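Welcome! Please have a look at the model below, and then we can walk through its parts together.

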Amino acid sequence: MIAANVPELPAGDSPDLILVPATPEERTASIKLNSIVWKGPLDVETYIAREDHLYNQRLTRDGLTCWILVDGTEPEGDRTILSSCETYQKKALLAHDGQVEDASTHGVGSVYCRPEFRGKGYAKRMLEELSRKLDTWHMEKQPRGRALFTILFSDIGKKFYAQFGWRPFLSSHMVLPARAEEPLSNGAAGKSVTRDLYAEDVRTNMCSDAVIAKLRDQMCVASKLSHVAKVAIVPDFDHFVWHWAREEFFAQELFSHRPPPTIKGAGNDAARVYCTWNRNFGETPEDNVLYILRWVYDEPTSQEEEQTLVQAMAAILRRAQHEAKEWGLHTVEFWNPEPLLQQAVKVLDPDAEVVHREKTSISSLRWTGDEHGLGQDVEWLLNEKYTWC
Ligand SMILES: CC(C)(COP(=O)(O)OP(=O)(O)OC[C@H]1O[C@@H](n2cnc3c(N)ncnc32)[C@H](O)[C@@H]1OP(=O)(O)O)[C@@H](O)C(=O)NCCC(=O)NCCS
């Protein structure tokens, strides 16, 4: 029998390889290819529908690009996808030397190469090309005309992406188990003050102009105290809506018999602390996690305020544990907890420890601000789960 005539694959360093935005058909083809690792409990068609649903959210509608590495000598419409990824444009803030600037960045996600093409240098080539392209991609309207940084979350450790400039940043978390028990008392603040937050409450209490203005002020003050440039992804309402679109899609598919998950967080008005969350439904029980996307609170100014805040946070966490149980989730997880939050966790579980991740969800940031006189180092503020994409 004569073997089928399989075209030889190009080398990863071939001058013919180009990185281009995918056509809509190529985007669907790349989602189909990566479905084997990322479809979770969904079938392929439903997974594609989920990706389209996310694409159509406000956060991503105009800012998402699906990139493919192809052989530039192949005709468009008939190109072999050698490797692929997505980038999401996001609003950001940059603080340096007592000034705060509006900025823009890209998050990189879904870096993928099909199993039979792996080890040929395609992903490396794609990321080399991408790192250069992203500096100016869709940056025409930005004051500096360039992205000074881009981010990604590595699931393959700390080394691979570092070779292209995405340096690992703090990647820690704490975990609490789902629990059915009654809510925790807020101590002095009283048990009744923990309240559920619905989407509009999150908008009002966590994403208002006043909250963002406060963030700008804090970044401004911090930048006067140290010369290291500081960046943050703006924690706007669109981010949370994007995460919720994901949980709502899953809930509709997996729990069509029950109402959608409308409780999006919990807060305490007296202690002025709020958090918002997102339910993640995966393939294994361990993947079923209620992630706290973001916390908002004012720094306490006295010991008494600190105690009230810690108790309120503990009660909110207990509410989150309860919500996780309600949805059959395994754990509650939150990233890079500040010391006050760590104290709150100890109220619930004295043995809980901060976990430093070495392999998955490594927050990584590529900084090019040094080329613009902003120094070699950068601090990533609000390195919380809401920034994940
Ligand atoms: C990661 C991935 C994109 C690499 O694609 P590739 O085209 O084979 O990569 P390249 O040939 O350019 O480079 C290979 C390098 O990838 C790195 N790599 C691949 N898989 C890895 C893993 N699971 N853990 C750590 N490093 C890994 C290695 O550093 C390897 O380097 P080596 O050649 O020195 O051993 C591919 O393995 C893949 O699609 N995996 C499944 C999806 C995934 O995990 N994506 C990353 C999400 S953050």
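## Salt bridges between the domains

A salt bridge here is a side-chain nitrogen of Lys or Arg within 4 Å of a carboxyl oxygen of Asp or Glu. By that rule, four salt bridges cross the interface of domain 1 and domain 2. Keep in mind as you read that this is a predicted model.

To see a salt bridge up close, go to R216 and D102: their side chains meet with 3.0 Å from N to O. Polar contacts also link domain 1 and domain 2, with 17 residue pairs counted where both residues have pLDDT 80 or more.

## How the chain is divided

The domain assignment places 17–169 + 362–387 in domain 1 and 172–356 in domain 2. Between the C-alpha centres of domain 1 and domain 2 the distance is 26 Å. Their contact draws on 45 residues from domain 1 and 40 residues from domain 2.

## The interface by area and make-up

The size of an interface is often given as the accessible area lost when the parts come together. For domain 1 and domain 2, the buried area is about 4200 Å², and 65% of it lies on carbon and sulfur atoms. Which three residues supply more than any others of the area that domain 1 buries against domain 2? They are L93, K385 and Y386, which supply 20% of that area.

Now for the side of domain 1 that touches domain 2. Several elements each supply at least two residues to this side, including the helices α2 (44–55) and α3 (58–61) and the strands β3 (83–96) and β4 (99–112). β3 gives the most, with eight residues. By type, the residues of this side of domain 1 comprise 22 nonpolar, twelve polar and eleven charged.

## Around the ligand

Backbone atoms of some residues lie by ligand oxygen atoms. For C113, a backbone N or O atom is 2.8 Å from an oxygen atom of the ligand. For K124, a polar backbone atom is likewise 2.8 Å from a ligand oxygen atom, and for K120 the distance is 3.3 Å.

## A loop proline

Finally, find P300 in the loop between β12 (289–297) and α8 (303–326). Leaving aside residues up to four places away in sequence, P300 touches E305, E306, L309 and L340. V310 is ten residues from P300 along the chain, and their C-alpha atoms are separated by 9.9 Å.

Key: Residues are numbered from 1 along each chain as its sequence is written. This is a predicted model: local features need pLDDT of at least 70, side-chain atom pairs count only at pLDDT 80 or more; totals for chains, interfaces and linings use all residues. Side-chain values use heavy atoms; hydrogens and water are left out. Domain bounds come from an automatic or database domain assignment. Contact means heavy atoms within 4.5 Å. Buried area is the accessible area (1.4 Å probe) that two parts lose on being put together, summed over both. A polar contact is a pair of N or O atoms within 3.5 Å; within protein, one must be able to donate a hydrogen and the other to accept it, and residues adjacent in sequence count only if both atoms are side-chain atoms. Helices (H or I, at least four residues) and strands (E, at least two) are DSSP runs, numbered from the N terminus. Ala, Val, Leu, Ile, Met, Phe, Trp, Tyr, Cys and Pro count as nonpolar, Asp, Glu, Lys and Arg as charged, and the others, Gly among them, as polar.
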